Amino acid sequence: MSLRDFLERFRPVGTPGASATGVPADRAAERAAELEPTLAQLTGIQQEAADIRAAAEVAAETVRRDTARQAERLVAAARERAPETRRQAAEPLLREARQEARTVRAAGDRAASAVRERAAERMPDLVERAVADALRLAFRVGEAP
């Protein structure tokens, strides 16, 4: 009991003047009587809010689980399609690389053909020089001592 409630008991109950007897008012009981129905309703509402929260948590967990399964399916499908997607993405690059390889090969063939032609043109002269050098060396070796 608070000091205020204790002192409240000694307040005059009636109007000043003629003495009248009365019982001091119990303010705490009045407040309790006034607030008790509202607080009882609040307790019910708190329980209802707790039930709603619990149902929301269950629903959220279900959504998380379903979403995780869906994500797993999407990842599995993407992994399954990945080789074909890579092949399709690489196809233009491979086509371009093959064309470039054909161009390089053709240029190499042309260069090799040009070297063969020059070799064919120069070969008789080079053979003649080589034979002359060999004969000259052979005669020098034969002339010695």
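Glu91 is partly exposed, with a relative accessible area of 25%. Partly exposed lies between buried, under 20% relative accessible area, and exposed, over 50% (1.4 Å probe, protein chains only). The model is predicted: local features need pLDDT of at least 70, side-chain atom pairs count only at pLDDT 80 or more, and totals for chains, interfaces and linings use all residues. Residues are numbered from 1 along each chain as its sequence is written, and side-chain values use heavy atoms, leaving out hydrogens and water.

Glu91 pairs with Arg87 in a salt bridge. The term requires a side-chain nitrogen of Lys or Arg within 4 Å of a carboxyl oxygen of Asp or Glu. Here the closest N and O atoms are 3.9 Å apart. Glu91 and Arg87 sit four residues apart in helix α2, so about one helical turn separates them. Helices are DSSP runs (H or I, at least four residues), strands likewise (E, at least two), numbered from the N terminus.

Arg87 has another partner. It forms a salt bridge with Glu84, where the closest N and O atoms are 2.6 Å apart. Arg87 is partly exposed at 43% relative accessibility. Glu84 is partly exposed too, at 36%. Glu84, Arg87, Glu91 and Arg95 are linked in a network of salt bridges.

Helix α2 spans residues 27-143. Arg65 and Glu61 lie in this helix, four residues apart, so about one helical turn separates them. They form a salt bridge, with the closest N and O atoms 3.9 Å apart. Arg65 is partly exposed at 39%, and Glu61 is partly exposed at 37%. The structure holds eight salt bridges.
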